[in-house]
Amino acid sequence: MQFWAPRVPISKVFLASLFHGRSSLVESSPPSPSSPSSTLWFVKVVCTLCIRRSPSLAFVETDYFRVNLNPSVAFAVVYHINSRLNNPDLAFTFFRCSRLRLNLIHLEPTFDLLLRSLCQMGRHDSAELVYQYMKSDGFLPDSSVLDFVVSSFANAGKFRIAEEILIARAEYCNEKDEIVSSFVYNNFLSMLTNKNRIDDAVLFFKSHILRLKSFCPDTCSFNIVMRGLCRASKVDKAFEFFDVMRSFSCSPDLVTYNTLINGLCRVGKVDRAEELLREIKVQSEFSADVVTYTSVISGYCKLGKTDAAAFLFEEMINNGIRPNLFTFNAIIDGFGKKGEVASASKMYERMVATGFRPDVVTFTSLIDGHCRCGDLGQGIHLLNEMNEKRVSPNVFTFSVLISALCKENRLNEARDLLNQLKWREDIVPPPFVYNPVIDGYCKAGNVDEANAIVAEMEAKGCVHDKMTFTILILGHCMKGRMFEAIGMYNKMLSVGCVPDNITMSSLISCLRKAGMAREANEIEQKALFSVPTSSKRSNPVRNNMNVTVAV
């Protein structure tokens with residue numbers, strides 16, 4: 001059976017290091033060996049030698065130090081170097097040298113001090129070594145540092161060692177009939193799920209938290225795991241925990257229901273989500289809140305079921321639940337995407353009358369709705385209103401308007417919006433913002449302007465996607481710039497962007513029309529061995545792929 005040393009408070013250890021030193025110093029006319037000043041003097045000597053002889057610290061191997069360096073003195077040295085001199089790295093070096101060269105068994109507070117300090121400094125590799133030495137000497141981090149150390153290792157991405165420390169502590173508590181604080185392992189579960197390590201969180205929860213008696217899961221524990229599963233669209237798995245949580249004396253609360261409702265709406269099971277909403281209404285322990293209703297309203301809006309969303313919106317108000325900005329934005333966006341701009345505008349007026357200040361999401365949803373209905377003028381008017389209200393458009397606002405302008409062949413106005421984006425340091429536009437303008441200029445035969453936009457795109461740090469390359473290849477072909485088209489195709493391959501069948505067949509066809517059969521055959525031969533054939537495309541750049549080549 002493993003030996004666990006009794007805990008000694010740091011203050012007592014430090015006093016012991018000062019008043020019960022067993023050093024017998026003979027140099028520099030030291031005070032009496034048994035006096036406190038003798039120990040204090042010895043500690044200062046060791047600290048001075050550590051600073052001057054770093055990093056080798058060979059002096060610790062001398063017979064004198066082998067005889068006089070004890071765990072209490074070692075703690076005082078580590079404490080002084082770490083806390084007074086603010087040098088955790090040197091404190092760790094001294095700790096390790098005394099451990100390896102003198103086989104010194106350090107006191108538990110020494111381990112705790114170094115663990116906390118090294119983790120605070122981000123020296124997690126050194127902290128892990130301290131923990132391994134600590135474990136081999138029969139110690140574990142105490143409850144005062146457990147949460148900090150586990151969280152620190154997890155934040156650094158060292159989930160394995162964080163889990164190992166937590167399990168070791170739980171097993172120790174099992175022997176002592178003690179309980180590990182739920183705050184510690186709930187925090188660890190949250191960190192796993194926030195890092196998208198959902199499977200690891202579920203495995204740890206099922207294999208340890210639900211099995212070791214020193215872990216007492218609470219409702220929060222179940223909620224964390226279910227939230228992670230719902231975020232990963234594994235709602236059925238989340239319901240498995242929902243079904244068993246009562247057997248662990250954990251009752252579902254409003255957070256539990258809101259988590260599951262949100263998860264169901266994420267995967268389009270909004271009818272089932274509304275059933276859970278009705279379950280909340282018939283029980284008396286808690287009531288649905290604005291989060292509950294907003295999740296279901298948003299879910300219906302994403303499915304285009306605006307009538308159901310509007311019904312729930314009125315129901316929540318009748319039940320005395322005040323909608324928030326997210327509620328209004330969800331239903332305005334739903335109306336807009338369905339083309340019901342009149343309803344969206346009325347909801348916007350109602351929102352303002354309720355006292356809410358529209359944000360960029362509100363305006364973007366309204367702009368998108370008007371653009372979908374062909375009312376680009378109202379979209380631009382709303383953009384101007386945004387500027388008047390000092391609401392900065394985001395990348396999606398620009399994208400909606402740029403795409404709508406390009407559809408109406410208003411390329412110069414779309415270009416002006418791109419110029420505005422150029423000076424926005426807070427936005428790195430994705431390719432789908434630039435592609436409609438590049439495509440528009442290529443169709444108009446102005447490939448030079450398209451290339452200028454591509455240069456701006458690259459200067460902004462935006463990487464071309466498959467659509468960008470395809471537009472440019474076909475645009476150069478239309479202008480008879482076949483070598484530039486081939487160069488763009490080769491660049492596409494060099495950056496790992498795989499062309500689809502439309503890109504290749506169009507380029508090959510254009511090359512043959514231009515009398516460049518050899519180049520066309522080379523591309524065709526390479527394509528047979530490296531590119532999967534697929535004639536389908538979700539957003540074709542050209543409706544008619546019989547590209548006219550200028551020769």
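This is a predicted model: local features need pLDDT of at least 70, side-chain atom pairs count only at pLDDT 80 or more; totals for chains, interfaces and linings use all residues.

Colleague: What can side chains of opposite charge do when their charged atoms come close?

Modeller: Side chains of opposite charge can pair when their charged atoms come close. In this structure there are 33 salt bridges.

Colleague: Which residue forms a salt bridge with Arg 99?

Modeller: The partner of Arg 99 is Asp 137, and their closest N and O atoms are 2.9 Å apart. This pair links distant parts of the chain, 38 residues apart. Arg 99 belongs to helix H5 (residues 88-101), while Asp 137 sits in the loop between helix H7 (124-136) and helix H8 (143-155).

Colleague: Are Arg 99 and Asp 137 buried or exposed?

Modeller: Both Arg 99 and Asp 137 are buried.

Colleague: How many residues apart are Glu 164 and Arg 160 in helix H9?

Modeller: They are four residues apart in helix H9 (residues 159-176), so about one helical turn separates them. Glu 164 and Arg 160 form a salt bridge, with the closest N and O atoms 3.2 Å apart. Arg 160 has a relative accessible area of 53% and is therefore exposed, since exposed means over 50%. Glu 164, at 22% relative accessibility, counts as partly exposed.

Colleague: Where do Lys 422 and Glu 456 lie?

Modeller: Lys 422 and Glu 456 form a salt bridge whose closest N and O atoms are 3.7 Å apart. Lys 422 is in helix H23 and Glu 456 is in helix H25 (residues 447-459), so the pair ties together parts that are 34 residues apart in sequence. Lys 422 counts as partly exposed because its relative accessibility is 35%. Glu 456 is buried, with a relative accessible area of 16%.

Colleague: Which residues do salt bridges that share partners join into one network?

Modeller: That network consists of Asp 125, Glu 128, Lys 135, Lys 158, Arg 160 and Glu 164.

Colleague: Let us turn to cavities. How many of 30 Å³ or more does a search of the whole structure find?

Modeller: The search finds one cavity of 30 Å³ or more. The volume of the largest cavity is about 30 Å³.

Colleague: Which residues line the largest cavity?

Modeller: The lining is made up of Leu 418, Leu 421, Lys 422, Tyr 434, Glu 456 and Lys 460. By class, three of the lining residues are nonpolar, three are charged and none is polar. Helix H23 (residues 411-422) supplies the largest share of the lining, three residues. Lys 422 and Glu 456, both in the lining, are also the salt-bridge partners discussed above.

Key. Residues are numbered from 1 along each chain as its sequence is written. Side-chain values use heavy atoms; hydrogens and water are left out. On a 1 Å grid over the protein atoms alone, a cavity is a set of points where a 1.4 Å probe fits but cannot get out, and a pocket is an open set with protein on both sides within 12 Å along at least five of seven lines; lining residues have an atom within 4 Å of a point. Grid points are joined across faces, edges and corners, and a volume is the space filled by probe spheres set on the points. Helices (H or I, at least four residues) and strands (E, at least two) are DSSP runs, numbered from the N terminus. Ala, Val, Leu, Ile, Met, Phe, Trp, Tyr, Cys and Pro count as nonpolar, Asp, Glu, Lys and Arg as charged, and the others, Gly among them, as polar. A salt bridge is a side-chain nitrogen of Lys or Arg within 4 Å of a carboxyl oxygen of Asp or Glu. Buried means under 20% relative accessible area, exposed over 50%, partly exposed in between (1.4 Å probe, protein chains only).
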